Amino acid sequence: MLGEVRAYRLRELREQLGLSQAQLAERIGVGQRQVSKIENGDLDSARVGTVRKYIEAVGGDLVIEYVAGDSRLQVA
């Protein structure tokens with residue numbers, strides 16, 4: 001459920017920019033199907049670099065953290 005909410009938000013950001021999935025895909029150098037997978041929360045086959053490009057294309061930055069209990073370490 002949480003992954004779906006986050007993915008929905010990515011789609012909203014793309015739509016606010018007036019971009020179709022195909023247009024965003026062209027900007028970041030992937031197929032439209034890959035953009036659809038990212039927006040549906042299917043990240044198992046997505047490369048970190050592709051997700052980073054997607055997020056940058058909609059105006060954000062990707063942060064990857066290692067989280068263990070109360071400890072957090074930004075790794076990318």
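Which residues does isoleucine 64 touch, not counting residues up to four places away in sequence? The legends below begin with this residue and then turn to salt bridges.

This is a predicted model, in which local features need pLDDT of at least 70 and side-chain atom pairs count only at pLDDT 80 or more, while totals for chains, interfaces and linings use all residues. Residues are numbered from 1 along each chain as its sequence is written, and side-chain values use heavy atoms, with hydrogens and water left out.

**View 1. Isoleucine 64 and its contacts.** Isoleucine 64 sits in the loop between helix 4 (48–57) and strand 1 (65–68); helices (H or I, at least four residues) and strands (E, at least two) are DSSP runs, numbered from the N terminus. Leaving aside residues up to four places away in sequence, isoleucine 64 touches Val48, Leu73, Gln74, Val75 and Ala76, where contact means heavy atoms within 4.5 Å. Although isoleucine 64 and alanine 76 are twelve residues apart along the chain, their C-alpha atoms are separated by 5.0 Å. Isoleucine 64 counts as partly exposed because its relative accessibility is 29%, given that buried means under 20% relative accessible area, exposed over 50%, and partly exposed in between (1.4 Å probe, protein chains only).

**View 2. Arginine 9 and glutamate 12 in helix 1.** These two residues form a salt bridge, with the closest N and O atoms 3.2 Å apart; the term stands for a side-chain nitrogen of Lys or Arg within 4 Å of a carboxyl oxygen of Asp or Glu, and by this rule the count comes to four salt bridges. Arginine 9 and glutamate 12 both lie in helix 1 (residues 2–16), three residues apart, which is about one turn of the helix. Arginine 9 is partly exposed at 40% relative accessible area, and glutamate 12 is partly exposed at 24%.

**View 3. Arginine 11 and glutamate 15 in helix 1.** Here the salt bridge has its closest N and O atoms 3.5 Å apart, and the two residues are four residues apart in the helix, about one turn. Arginine 11, at 31% relative accessibility, counts as partly exposed, and glutamate 15 is partly exposed with a relative accessible area of 44%.

**View 4. Glutamate 39 and arginine 14, joined by a salt bridge.** The side chains of glutamate 39 and arginine 14 meet at 2.5 Å, N to O. This pair links distant parts of the chain, since glutamate 39 belongs to helix 3 (residues 32–39) and arginine 14 to helix 1, 25 residues apart. Glutamate 39 counts as buried because its relative accessibility is 6%, and arginine 14 is buried with a relative accessible area of 5%.
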